Amino acid sequence: DIKYDADVLIVGGGPSGSICAYYLAKSGVKVILIDSVDFPRQKICGDFVSPIGLNELKKIGIWELDDFEKTNVITQAAIYVDGDHLVTSKLPCMDGLPNYGRVIPRVILDNWILEAAREQGVQIITPCKFENYSVNDSHVKIDCTIDGKEVQFTTKMIVGADGSTSKVERIMNVHKHKPEKRIVAVRAYFENIDC
């Protein structure tokens, strides 16, 4: 008889992994979520949350947090190419969605969503480095490293939510991402800017 550590193990604690974990746990599924780093953690990103994303955050209770209203509201966007202004436009109005977006640094946003998942009963294990997995008829074996020690989990399913260079996906498809397909990002924050 197989002893399962959880029904589902999710690799990756970013928004997609944490929201997936939230809804699975809310529906009664036993979930383990692992990530290679502790939260809160920095993640380079534009930090913009669209009206659709905001609607999802509302559903999982993020709008109720005290600091949510302190995040920056974005009602329009502009495009510049080589310093030349091309266009400025308001965000479109769509039924059932706010007519604005928000800028929420990932160090804050990802932690909010992860904590919402934890409140639904998700077991969060960090730092836990995903190493490998194998699929059998009745279970999935997942190999990880925690504090330099090898650890193995047995689940019914694995979800790869570990980003654009997903190790889960690379193992499944047995290929490496081509270096020329990588995107490099730079981010900076400014304060006291008059608009």
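How many nonpolar, polar and charged residues does the lining of the second largest pocket have? By class, that lining has 13 nonpolar, 5 polar and 5 charged residues, where Ala, Val, Leu, Ile, Met, Phe, Trp, Tyr, Cys and Pro count as nonpolar, Asp, Glu, Lys and Arg as charged, and the others, Gly among them, as polar.

The model is predicted, so to read it: local features need pLDDT of at least 70, side-chain atom pairs count only at pLDDT 80 or more, and totals for chains, interfaces and linings use all residues. Residues are numbered from 1 along each chain as its sequence is written, and side-chain values use heavy atoms, without hydrogens and water.A pocket is an open set of points on a 1 Å grid over the protein atoms alone, where a 1.4 Å probe fits, with protein on both sides within 12 Å along at least five of seven lines, and lining residues have an atom within 4 Å of a point; a volume is the space filled by probe spheres set on the points, which are joined across faces, edges and corners.

| Pocket | Volume |
|---|---|
| Largest pocket | about 930 Å³ |
| Second largest pocket | about 790 Å³ |

Among the 23 residues lining the second largest pocket, Asn-72, Val-73, Ile-74, Val-103 and Phe-190 lie nearest its centre, and β4 gives the most to this lining, with 3 residues.

Helices (H or I, at least four residues) and strands (E, at least two) are DSSP runs, numbered from the N terminus, and two strands pair if DSSP finds at least two bridges between them. In the order β3-β7-β4, 3 strands form an open sheet with antiparallel pairing. Because β3 (48-49) and β4 (72-74) stand at the edges with a single partner strand each, one side of each is left without a neighbour in the sheet. Strand β7 (residues 101-103) is joined to β4 by 3 bridges, and Ile-74 stands opposite Gly-101 in β7.
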